[in-house]
Amino acid sequence: ASILVLNGPNLNLLGTRQPEVYGSVTLAMVEDACADHAKKLGLDVTCLQSNHEGALIDAIHDAKGRHDGIILNAGAYTHTSIALMDALISVEIPSVEVHLSNIHAREPFRHTSYISKAALGQICGFGAQGYLLALDALATHLREAGA
Ligand code: DQA
């Protein structure tokens, strides 16, 4: 099975962006760790990052027929983008929402997520490990679904 790991706005700055909140690992390190972990689970991963809402929507549309699961950290679009939620619902690809920080312990405007309404579940607060937990969750889900 093939998994798309999709990161949204400002996540290209990981490592230098508010390390006290988001940790010191870079996006390249996160993506490498995903590739390693996926290999152990027998999954293929494709990683993609964009700062543009429309590009993220295009990536979700393009995933149809190409990928069996999506791991999405939509960054701040999590809290604003009905369009991203609609895209995920439209393609009907099982998705896991990831956030490095515990969004529920932060400012109230980060407590709501449109992505959650379209995802199997949400993993937040575990830093970069969250992406690996999401891979585990998708591997189990796809196995149980017989995909
Ligand atoms: C984030 C949390 C969002 O609220 C924030 O806008 C981000 C990163 C996280 O991974 O913790 O850009 O998605």
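User: What makes strand E1 (residues 2–7) and E2 a pair?

Analyst: Count the bridges. In this predicted model, E1 and E2 are joined in the parallel sense over 6 bridges. Pairing takes at least two bridges. With 6, E1 and E2 therefore count as a pair. One spot to look at is Asn7, which stands opposite Gln49 in E2.

User: Which strands make up the open sheet, and in what order?

Analyst: The sheet has 5 strands, in the order E2-E1-E3-E4-E5, and their pairing is parallel.

User: Why are strand E2 (44–49) and strand E5 (121–124) said to stand at the edges?

Analyst: Each has a single partner strand, so one side of each is left without a neighbour in the sheet. On average, neighbouring strands here are turned by 20 degrees against each other, direction ignored.

User: Where does helix H2 (residues 27–41) lie, and how does it run relative to E2?

Analyst: H2 lies across E1 and E2. Its angle to E2 is about 165 degrees. Angles over 145 count as roughly antiparallel.

User: What makes Ala28 buried or exposed?

Analyst: Ala28 is found in helix H2. It has 12 C-beta neighbours inside 10 Å. The cut-off for exposed is 12 or fewer. Ala28 therefore counts as exposed.

User: How do you know whether H3 and H4 are roughly parallel or roughly antiparallel?

Analyst: Look at the axes. Helix H3 (residues 53–63) and helix H4 (residues 82–91) cross at roughly 5 degrees, and their axes come within 9 Å. Angles under 35 degrees count as roughly parallel. H3 and H4 are therefore roughly parallel to each other.

User: Which residues meet between H3 and H4?

Analyst: From H3 come Glu53, Leu56, Ile57, Ile60, His61 and Ala63. From H4 come Ala83, Leu84, Ala87, Leu88 and Val91. By class, this contact has 9 nonpolar, 1 polar and 1 charged residues.

User: Which residues does UniProt list for "active site"?

Analyst: The unreviewed UniProt entry lists Tyr22 and His99. They are spread over 78 residues of sequence, yet they cluster in space, with a largest C-alpha distance of 9.1 Å.

User: Why is His99 called buried?

Analyst: His99 has 24 other C-beta atoms within 10 Å. Buried needs 20 or more. So His99 is buried. It sits in strand E4 (residues 95–99). Beyond its neighbours within four places in sequence, His99 is in contact with Asn73, Cys124 and Gly130.

User: And why is Tyr22 called partly exposed?

Analyst: Tyr22 has 19 C-beta neighbours inside 10 Å. Partly exposed lies between the limits of 12 or fewer for exposed and 20 or more for buried. The value of 19 falls in between, so Tyr22 counts as partly exposed. Tyr22 lies in helix H1 (residues 19–22). Leaving out neighbours within four places in sequence, Tyr22 is in contact with Leu14, Arg17, Leu100 and Ser101.

User: Where does UniProt place the feature "binding site"?

Analyst: The unreviewed entry places it at Asn73, His79, Asp86, Leu100, Ser101 and Arg110. The farthest two C-alpha atoms are 24.1 Å apart, so these residues do not all gather at one spot.

User: What makes His79 count as partly exposed?

Analyst: His79 has 16 C-beta neighbours inside 10 Å, so it counts as partly exposed. It lies in the loop between strand E3 (69–73) and H4. Asp86 is found in helix H4. With 15 such neighbours, Asp86 counts as partly exposed.

Conventions:
Residues numbered from 1 in each chain as written. Predicted model: local features only at pLDDT ≥ 70, side-chain atom pairs only at ≥ 80, totals over all residues. Helix = DSSP H or I, 4+ residues; strand = E, 2+ residues; numbered from the N terminus. Axes fitted to C-alpha atoms, helices over the stretch in contact; angles between N-to-C directions. Contact = placed C-beta atoms within 7 Å. Parallel < 35°, antiparallel > 145°, perpendicular 65-115°, else oblique. Nonpolar A, V, L, I, M, F, W, Y, C, P; charged D, E, K, R; others polar. UniProt positions renumbered as here; feature names shortened; annotations may be inferred.
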